[in-house]
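Welcome! Here is a short briefing on the charged side chains of one structure. Please have a look at the sequence and the model first.

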Amino acid sequence: MKGCKVIILDIPLLFETKMDTWTNPVIVVWVDPKVQIERLISRDGCSEEQAQNRINAQLALDWKKSEADIVIDNSGSLDDTKEKFQEVLRKVSEPLTWKERLRSRDGLISVVVCTAVGILLAQKNLL
C-alpha cells in the first residue's frame, strides 16, 4: 500500500495455515534434518527427543521444499545463508514481466480502469 515492491513475511506455519495461497513467490528456508535438530537443541537447550517432537509437529521440511517456488539452503553458516538470501532478494526485486505485471494488483487496476473508460466512451458514442 505504501509503494513497497517487495514485502517479506516470515511465517513458520505458512502451509499449515494455508497462507501460501496468498503469497508469491513462496520461499522456503531449508536445512538438513540432522542440522535442524542440532541447532534446535543448541538454541533451546532441549533434549534430542523434545527437538524431534517439535519438528514432527510440523509439516515435513522436505515437503515444504517441494512446494516452494524458491529454496534457500540453510545448512551452511549464517553468512552463507545471508548471501543466499540477498541473491533471492535481488531476484524477486527485478522488474516484473508483462504477464506478472498483469496479474499484479497494479496490472489489475489498470485493466479495470481501462475497461471502464472504454465502456464509458463506447456508450457516449452510441447515444
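Which residue forms a salt bridge with K64? The partner is E16, with the closest N and O atoms 3.4 Å apart. This is a predicted model, in which local features need pLDDT of at least 70 and side-chain atom pairs count only at pLDDT 80 or more, while totals for chains, interfaces and linings use all residues. Residues are numbered from 1 along each chain as its sequence is written, and side-chain values use heavy atoms, leaving out hydrogens and water.

**The bridge between K64 and E16**
- The structure holds three salt bridges, each a side-chain nitrogen of Lys or Arg within 4 Å of a carboxyl oxygen of Asp or Glu.
- K64 sits in helix α3 (residues 61–67) and E16 in the segment before β1 (27–30), so their pairing ties together parts 48 residues apart in sequence.
- K64 is buried, at 6% relative accessible area, whereas E16 is partly exposed at 28%.
- Buried means under 20% relative accessible area, exposed over 50%, and partly exposed in between (1.4 Å probe, protein chains only).

- R43 forms a salt bridge with D44, their closest N and O atoms being 2.7 Å apart.
- The side chains of R54 and D44 also meet in a salt bridge, at 2.2 Å from N to O.
- R54 belongs to helix α2 (residues 48–56) and D44 to helix α1 (residues 33–44), so this pair ties together parts ten residues apart in sequence.
- Through shared partners, salt bridges join R43, D44 and R54 into one network.
- R43 is exposed, at 63% relative accessibility, while R54 is partly exposed at 42%.

Note on methods: Helices (H or I, at least four residues) and strands (E, at least two) are DSSP runs, numbered from the N terminus.
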